[in-house]
Amino acid sequence: MLERTVVDTTHLPPAERFGMWLDLVARTSAPLRVRTDHAHDFPARAEFIPLGPIQVVRYRYPSMDAVRTERLARRTEVDYFLLALTLGGTGASGQGDRRSVILPREFTFYDGSRPHEVSHHGRDGGPPAGSVVALIPHGVLPLSPDRLAPLMAGRMSGSEGVGALLAQYLTQIVEHPEQYHAADADRLGTVGLDLASTMLGRHLVAEDAVPREVRHRALLTQVRGYVQRHLGDGTLTPQAVADAHHVSVRTLHRLFESEETTLASYVRDLRLQRCRRDLADPMLAHLPVQTIGARWGFRDKAHFSRAFRAAYDVTPQAWREQARIVNSTASVVNPEPEY
């Protein structure tokens, strides 16, 4: 059967399990800075199957978050790409300007020799997080790291097209290695590499087919819609908006630079417009000024008053009074018709 190396931390005392796992990850893929709520007891399992040009690993572990810093990236001995298929739980990956949430039966792809972030969380009270990862040396892929950069930390389906074929292929091998001969390892690895290269190539073509300006405008439209739907949320921060769209805060700021504004200014101006509208609405006259401010994300009364006055050269209360007088005058000049 295929050569297979199994590492199971449950053979150690609970206090030693997490340390063993960190050492294993550092030796087999890349040194990482890992955070977990299970450091006191980290029951995890990894099954390594070398397949000629690539290596396939099946992981099961408790929830964790990991970061590969610039300093740790310089300690890499072999440069690997990692193509990871989430089997259980929810994952997340980040590299460069892209951030993605990865659901079961989805792939993510990143360069292990460069700084990146990965997270994987199982369901509370449910089975542990699980994944199948193909470790692919840089030299065996027919595309350079720079050419593959647009795909880093992206999402790719493992349920349709070539992605479904690759997902089925990898899971079949890791779940039933006894069905294959050791002599077939190189050939199996070549098939897996061909499928991975085809899937990455297809996604790269799709990425390139959309002009950058179109992607830019589409993302800006999505962000604006998200902001408008969440204006009343006091936790609407640049980080929250970036996380919701799987991009970095830096990318978000660059997006609004092209509009000659900032995200913070855009959010503030929209909130003030909503407040100005509601303060002039006779149907909302029973609501205190601060209630209307809080309704649109201004939790601090003094801050709301200062921002409103800076924008409209009048306080919120004075604006409401002016609007009341205008509305009263209009109702006298144009009385409701009698029927």
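These legends describe close-up views of one predicted model. Residues are numbered from 1 along each chain as its sequence is written, and side-chain values use heavy atoms, with hydrogens and water left out. In this predicted model, local features need pLDDT of at least 70 and side-chain atom pairs count only at pLDDT 80 or more, while totals for chains, interfaces and linings use all residues.

**View 1. The largest nonpolar core has 34 residues.** A nonpolar core is a set of buried Ala, Val, Leu, Ile, Met, Phe, Trp, Tyr and Cys residues joined through side-chain atoms within 4.5 Å. Buried means under 20% relative accessible area, exposed over 50%, partly exposed in between (1.4 Å probe, protein chains only). Leu-51, Leu-83, Phe-107, Phe-109 and Ile-136 have the most contacts inside this core. Two or more residues come from each of β3 (45-51), β4 (54-61), β6 (80-88), β9 (106-111), β11 (129-137), α4 (161-175) and α5 (185-209). Helix α5 gives the most, with eight residues. Helices (H or I, at least four residues) and strands (E, at least two) are DSSP runs, numbered from the N terminus.

**View 2. Leu-83 and its contacts.** Contact means heavy atoms within 4.5 Å. Neighbours within four places in sequence are left aside. Among the residues that Leu-83 touches are Phe-107, Phe-109, Val-132, Ile-136, Met-156, Leu-166, Ala-196 and Met-199.

**View 3. Leu-204 in helix α5.** Leu-204 is buried, with a relative accessible area of 3%. Beyond its neighbours within four places in sequence, Leu-204 is in contact with Leu-143, Arg-147, Pro-150 and Leu-151. Arg-147 is 57 residues away along the chain, yet the two C-alpha atoms are separated by 8.6 Å.

**View 4. Residues 221-322, as listed by UniProt.** An unreviewed UniProt entry names this span "domain: HTH araC/xylS-type". UniProt positions are given in the numbering used here, feature names are shortened, and annotations may be inferred rather than shown by experiment. The span is 67% helix and 0% strand. Its end C-alpha atoms lie 35 Å apart.

**View 5. A second, separate core has 29 residues.** It includes Ala-242, Leu-255, Ala-307 and Val-314.

**View 6. Arg-105, a residue other than glycine with positive phi.** Its phi is near 70°. Arg-105 is found in the loop between β8 (98-102) and β9. It is partly exposed, with a relative accessible area of 31%.

**View 7. Asp-313, in the loop between α11 (301-312) and α12 (316-333).** Asp-313 has a positive phi of about 60° although it is not a glycine. At 69% relative accessibility, Asp-313 counts as exposed.
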